Amino acid sequence: MPSLTSIWRRSIQARVVTSTIVLSALVISLTGWALLRDVATGLADGRRVAAISEARSGFDYAQTQLDAAVETEPATQSQTLTRMVDSLTSSRGAKRTYELVLEGPLSKDAGQVPVRSSAAIEQGSLPADIDKAVRGAAGTYWRYSDLALLGSAEAEPSVVVGSQLRAPGTGDTYAMFYLFSMEDQQATLDLVRRALMLGGLAMVLMVGGVAWLVSRQVLDPVRLARRIAERYASGNLEQRMHVNGEDDIARLSTSFNQMAASLQSQIRRLENLSRLQQRFVSDVSHELRTPLTTVQMASAVLYDSRTRFDPQTARSAELLKGELDRFESLLADLLDLSRFDAGAADLELDTIDLARVAKQAADDPVVARKGIEIRLVGVARPAVVEADIRRIDRIVRNLLTNAAKYSGSPVIEIEVAQNEQCVSLSVRDFGVGLTGDENLRVFDRFWRADPARTQGGTGLGLAISREDAALHGGTLQAWGRPGDGSEFVLTIPKPEGSAKFPAIVSVFA
Ligand code: ADP
């Protein structure tokens, strides 16, 4: 199962949907928060305004009562106050939405101010600051607070309105407080909050779904285009996109199809050109063969009679013979390559032992004449492959003569190795070696290293050897380092081996 990070990395749709959900959740939360704040302020303001006006009429009523009271006896005065509180809090049928607290007379000793209240309000429910303000100066004061009633577990939000009253008869002052519950407002706010949260969640999910649908609409054609491009890249040049409508995707499909058609025609043109070139090389080589044979024969006659010529003419006959030999081998190489290119190279398979091939190659008289020592490694054990002996022999001889001709190494090592899948034969020299660039170019057709090092080769030998190796399902690889020599490794799969070769580690690594 693909991991989340790989889904995130590979799927534009996952990224679009996730970022849309995150961003819309953010926007909806912010909007919801602002909306909720407005609603809360509106509800609280409305309640406060109503509460203050209701409280004011209560204060006025109480003040009138106090103004009218003429008793100076504390006991009767106390009764009057209790009656007043009772009358203010007696709800006429409807549920009372406030509680009342009357403190006073305040002129008494601060610690024992008598308090009358309409309900069992918990001690300390009245905020100290408003209590102090009301006691301190005349006027109406208000603030939001929590109202804790005896017997209820949670404090209710409330607005407290307080004012000072004065009894002209006795000269006493009182502090009177209305505590209006805001439970209804709180309930409304909770309802709005729940609705906003559910609505917001539904909205986020819906926006995510819409993003998924929309991105699918855009991405489906893109995925189709990718699949078609992949098929096109794997060689199916007839692949085209289906054009439907006139939208951007349709225009993309049209452009893709135009590009595909143009590429296809270019490729076909180049293929034709390449075929023509191959045919031309092949035809020219064939056409040259007959005159060349005649010229070769004539040159052989001249060469054989050179002892009868004056020295200058004799030298010319020798040069002519040498160059004609070179020409012949170049022509043979060209014919070989054109056969590879045309796919006409045939393979005559036989069971052959690469160890024996290596041993026979070691007896090469050309190499022996140059006084080069040949070391054989790993030839004691037979290394059997199904191969065309003529072609394998040609590869090994080419590698060996190259090492003898170009490397300047006094020693050449031929090593045969094998595992379950394949057999390898490497020719290693300890001479001039190859630079990084030469490592890459050594198999190019007509390529020769520094001309100063060139000793008359055509530059086609290694190209042909590589084609020969590929014809067997094998490889020919080269490694070298200037001054350290080079190594050419031919690898041929064993008859029962798979085509998958284990990596052969360079000796220069
Ligand atoms: P040629 O027909 O010239 O031998 P090859 O394709 O066999 O063509 O070789 C191409 C070139 O690679 C040679 O001209 C030579 O410069 C270089 N080369 C091949 N083998 C070696 C080697 N063992 N050491 C150094 N250079 C080499």
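In which hand does α2 pass α5 in their crossing? The close-up views below, taken from a predicted model, begin with this pair.

**View 1. Helices α2 and α5 packed against each other.** Helix α2 covers residues 12-68, and helix α5 covers residues 183-233. Their axes come within 8 Å and cross at roughly 160°. Angles over 145 degrees count as roughly antiparallel, and α2 and α5 are therefore roughly antiparallel to each other. The crossing in which α2 passes α5 is right-handed. Sorted by class, the residues of this contact between α2 and α5 comprise 20 nonpolar, nine polar and four charged.

**View 2. Helices α8 and α10 at an oblique crossing.** Two packed helices are described by the angle between their axes and by the distance between the axes. For helix α8 (residues 354-362) and helix α10 (residues 389-407), the axes cross at roughly 45° and come within 10 Å. That angle makes α8 oblique to α10. Here, too, a hand can be given: α8 passes α10 in a right-handed crossing. On the α8 side, the contact is made by L354, V357, Q360 and A361. On the α10 side, I389, I392, D393, V396, R397 and L400 take part. Seven of the residues in the contact of α8 with α10 are nonpolar, one is polar and two are charged.

**View 3. Helices α10 and α12.** Helix α10 also has a crossing with helix α12, which spans residues 461-471. The axes of α10 and α12 cross at roughly 145° and come within 9 Å. In this pair, α10 passes α12 in a left-handed crossing. From α10, the residues in contact are R391, R394, I395, N398, L399 and N402. From α12, they are G461, L462, I464, S465, D468, A469 and L471. The contact of α10 with α12 divides into six nonpolar, four polar and three charged residues.

View 4. Rolling a probe the size of a water molecule over the atoms shows where empty space is left. How many cavities of 30 Å³ or more does the structure hold? There is one cavity of that volume. The largest cavity contains about 70 Å³ of space. Ten residues line the largest cavity, and L66, A69, Q77, A167 and T170 lie nearest its centre. Helix α3 (residues 74-89) gives the most to this lining, with three residues. By class, the lining of the largest cavity consists of five nonpolar residues, four polar residues and one charged residue.

Conventions:
Residues are numbered from 1 along each chain as its sequence is written. This is a predicted model: local features need pLDDT of at least 70, side-chain atom pairs count only at pLDDT 80 or more; totals for chains, interfaces and linings use all residues. Side-chain values use heavy atoms; hydrogens and water are left out. Axes are lines fitted to C-alpha atoms, for helices over the stretch in contact, and angles run from 0 to 180 degrees between N-to-C directions. Helices (H or I, at least four residues) and strands (E, at least two) are DSSP runs, numbered from the N terminus. Angles under 35 degrees count as roughly parallel, over 145 as roughly antiparallel, 65 to 115 as roughly perpendicular and the rest as oblique. A crossing is left-handed if the near helix is turned anticlockwise from the far one by less than a right angle, and right-handed if clockwise. Contact means heavy atoms within 4.5 Å. Ala, Val, Leu, Ile, Met, Phe, Trp, Tyr, Cys and Pro count as nonpolar, Asp, Glu, Lys and Arg as charged, and the others, Gly among them, as polar. On a 1 Å grid over the protein atoms alone, a cavity is a set of points where a 1.4 Å probe fits but cannot get out, and a pocket is an open set with protein on both sides within 12 Å along at least five of seven lines; lining residues have an atom within 4 Å of a point. Grid points are joined across faces, edges and corners, and a volume is the space filled by probe spheres set on the points.
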